[in-house]
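Hi,

Here is the structure I said I would pass on.

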Amino acid sequence: MTRLFHISDVHFGLEDTAALAWVADCVARERPDAVAITGDLTMRARHREFAAAAAWIRALDVPVTVEVGNHDLPYFNLAERFLDPYRRFRALQAAVGHGANLPGLALIPLKTTARAQTRLNWSKGRVGERSLAACLAAIDALPPGTRALVACHHPLVETGTHGKALTRGGSRALAALAGRRVLAVLSGHVHDAFDLVHETEQGPVRMIGAGTLSQRLRATPAGFNELTFADGALTVRLRSRASTCTG
Ligand SMILES: [Fe+2]
Ligand SMILES: [Fe+2]
């Protein structure tokens, strides 16, 4: 059995410190095999926000994967945003040791952010050709029998939450992932949790969203998802701030 904690949208700079202390306590007591973080680690991609994120993640002392969210690209420094938008995020990845070695399961990243878009709202999702190709190639390179959990920031299609992702290229990407029979697509961004099956032209695909651990609440309290993979089946349990740790 493999157990993951899927967390998202911590937004250091506007984090919920009580919720973070609760999650860190749950990790310490329950020792999941890995923690998967699906983006928006910071509020405005400030250096001090990334430093706080790195310190909190490192203190968890379990394998961690981190994806980039739209809030993690430079917001004030436009020159850096255009020339090297992922520099600060890469430094965070290097600091926390991106990666988790799980039996029979692989977390595969899919980038859904963009330094700029041909629409006014650059916070929405976008799956570019190269990002999708890299994700599919990583899935195709997995050893036989290993299941893929794709990790991205924006839901690839709308899932009925208050917040919208409006991901360009998302439907096409989701169909391609359905065709690869991925175990699920993990995401964040909308700050509310969900677990549903979406039908695509290439078959069904499961979409799992984690809520937020920030003060930017939408419809639901702060929380995260506990994912359990056993005998080929994935189970999701929503852990909200009101619940207690076990183990
Ligand atoms: Fe967010
Ligand atoms: Fe976001």
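A quick term before anything else: two strands count as paired if DSSP finds at least two bridges between them. Strands here are DSSP runs of E with at least two residues, helices are runs of H or I with at least four, and both are numbered from the N terminus. With that in hand, V150 has V185 in β6 as its bridge partner. The strands involved are β5 (residues 147-151) and β6 (residues 184-187), which run parallel and are joined by 3 bridges.

Some housekeeping: this is a predicted model, where local features need pLDDT of at least 70 and side-chain atom pairs count only at pLDDT 80 or more, while totals for chains, interfaces and linings use all residues. Residues are numbered from 1 along each chain as its sequence is written, and chains are lettered from A and ligands numbered from 1 in the order in which they are written.

Back to the sheet. It is open, has 5 strands in the order β4-β5-β6-β8-β7, and its pairing is mixed. β4 (105-109) and β7 (194-200) each have a single partner strand, so one side of each has no neighbour in the sheet. From one strand to the next, the twist averages 25 degrees (axes are lines fitted to C-alpha atoms, for helices over the stretch in contact, with angles from 0 to 180 degrees between N-to-C directions).

Two helices lie across this sheet. α6 (residues 170-179) lies across β5, β6, β7 and β8 (203-209), at about 110 degrees to β8. Contact here means C-beta atoms, placed from the backbone, within 7 Å.

L149 is worth a click: beyond its neighbours within four places in sequence, L149 contacts L105, L107, L183, A184 and L186.

Then there is α4 (residues 87-96), where R88, F89, L92 and V96 are buried (20 or more other C-beta atoms within 10 Å of a residue's own; exposed is 12 or fewer, partly exposed in between). Those buried residues fall within an arc of 100 degrees seen down the axis, so they line one face of α4; the arc is that of the directions from the helix axis to the C-beta atoms. R90 and A94, on the other side of α4, are exposed. The cover over the buried residues includes α2 (47-60) and β3 (64-66). After α4 comes G97, with a positive phi near 70 degrees.

Overall, 44% of the 247 residues of the chain count as buried.

Cheers
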